[in-house]
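My entries follow the display.

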Amino acid sequence: MRKQFRDLASPEDAREAIASLDLTPAAETVALDAARGRVLAERIDAELDVPGFDRASMDGYAVR
């Protein structure tokens, strides 16, 4: 026989429980080859423009 769950938290209690969680992981340094699937902890700006000249109205590179 399947167990039924009838004692549900109210939406307010659920929101309060979720808001109380610390969902911000600590930053850590990993090697580039171990970084796949991770999220940057802070913004990284290039120190050098590549290419070093304007080629189009929307120059830029994206890394996936």
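The entries below record what I looked up, topic by topic.

**Basis.** I worked from a predicted model, in which local features need pLDDT of at least 70, side-chain atom pairs count only at pLDDT 80 or more, and totals for chains, interfaces and linings use all residues. Residues are numbered from 1 along each chain as its sequence is written, and side-chain values use heavy atoms, with hydrogens and water left out.

I found one helix and zero strands in the protein chain; helices (H or I, at least four residues) and strands (E, at least two) are DSSP runs, numbered from the N terminus. Of the 64 residues, 0% are buried (buried is under 20% relative accessible area, exposed over 50%, partly exposed in between, with a 1.4 Å probe and protein chains only). The chain has an accessible surface of about 7600 Å², with 53% belonging to carbon and sulfur atoms (Shrake-Rupley method, 1.4 Å probe; for residues, only the protein chains shown count as cover).

**Nonpolar patch.** Ile18, Leu21 and Leu23 form a nonpolar patch on the surface and together contribute about 330 Å² of accessible area. Such patches take residues with over 30% relative accessible area and no salt bridge, nonpolar side chains (Val, Leu, Ile, Met, Phe, Trp, Tyr) being joined within 5 Å and like charges within 9 Å. I placed Leu23 in the segment after helix H1 (11–19); Leu23 counts as exposed because its relative accessibility is 63%.

**Salt bridges.** My search of the whole structure gave two salt bridges (a side-chain nitrogen of Lys or Arg within 4 Å of a carboxyl oxygen of Asp or Glu). In one, Glu28 pairs with Arg38, the closest N and O atoms being 2.8 Å apart. Both residues lie in the segment after H1, so the pair ties together parts that are 10 residues apart in sequence. Glu28 is exposed at 57% relative accessibility, and Arg38 is partly exposed at 44%. Arg43 forms a salt bridge with Asp45, with the closest N and O atoms 2.7 Å apart; Arg43 and Asp45 are both exposed.

**Pocket lining.** Which residues lie nearest the centre of the largest pocket? I noted Glu28, Arg38, Val39, Leu40 and Ala41, from a lining of 15 residues (a pocket is an open set of points on a 1 Å grid where a 1.4 Å probe fits, with protein on both sides within 12 Å along at least five of seven lines; lining residues have an atom within 4 Å of a point).
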